[in-house]
Amino acid sequence: YQRRVHGACKLIDQINRIIMNFDKLCVAHKAEKIKTNPYLVVAGLPEPLPGHANALCLLALDFLKELQKLKQDQQLSIKIGIHTGKVCAGVLGKNKFVYDVFGDTVNHASRLAASCPWERIQVSDVTREHTKNRMEFEYRGEVELKGKGSQKCWYLVGNGSDQRAG
């Protein structure tokens, strides 16, 4: 029993370190963390951010790099989905309030993440259009997204400026 509890506490400690490092990356990329489980991030809220889609793409790439550094021997993996569009945001509750975002854009990003292979970043065609001159993508093809039908999807594979500079 104590070994299981110790193992669980060790895993929680490791996940906490990952989340704290992800939170620092959000600040560095001027993104706003909304939730921890699932980890939900937006850019352009609560303050507008020019190049918000680009900022999220760079953040997602940094998330993958950071997880590789921190996961040690654990089999921890993430799936990332990015969509660009309008959302509704607000504070809910009075005593234990929470800031949250809602709308089709949030649902679309969630569906992209759900249908994405582990350790990949899947983006919508809309996000790719917003960032195609600054990011590097690999066409995945048409993917059936729950409630969305067949959608063109792309894998974000790198920062295009890094590729051109090297």
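**Exercise 1.** Leaving aside neighbours within four places in sequence, which residues is Ile-80 in contact with?

*Solution.* Let's begin with the ground rules. This is a predicted model, where local features need pLDDT of at least 70, side-chain atom pairs count only at pLDDT 80 or more, and totals for chains, interfaces and linings use all residues. Residues are numbered from 1 along each chain as its sequence is written, and side-chain values use heavy atoms, with hydrogens and water left out.

Next, take contact as heavy atoms within 4.5 Å. The partners of Ile-80 are then Ala-60, Phe-63, Leu-64, Ala-113, Cys-116, Arg-120, Ile-121 and Gln-122.

**Exercise 2.** Find the members of the largest nonpolar core that touch the most other members.

*Solution.* First, the term: a nonpolar core joins buried (under 20% relative accessible area, 1.4 Å probe, protein chains only) Ala, Val, Leu, Ile, Met, Phe, Trp, Tyr and Cys residues through side-chain atoms within 4.5 Å. The largest one has 28 residues, and Leu-59, Phe-63, Ile-80, Ile-82, Ile-121 and Leu-156 touch the most other members. Then look at the elements, which are DSSP runs numbered from the N terminus (helices H or I, at least four residues; strands E, at least two). Helix α2 gives the largest share of this core, 10 residues. Finally, a separate core of 5 residues includes Leu-40, Val-42, Val-101 and Val-106.

**Exercise 3.** Decide whether Thr-131 is buried or exposed, and list what Thr-131 touches.

*Solution.* Start with its place, helix α4 (residues 125–131). Thr-131 has a relative accessible area of 0%, so Thr-131 is buried. Not counting residues up to four places away in sequence, Thr-131 touches Ala-53, Asn-54, Cys-57 and Phe-137.

How values were computed: Buried < 20%, exposed > 50% of the residue type's maximum accessible area, 1.4 Å probe, protein only.
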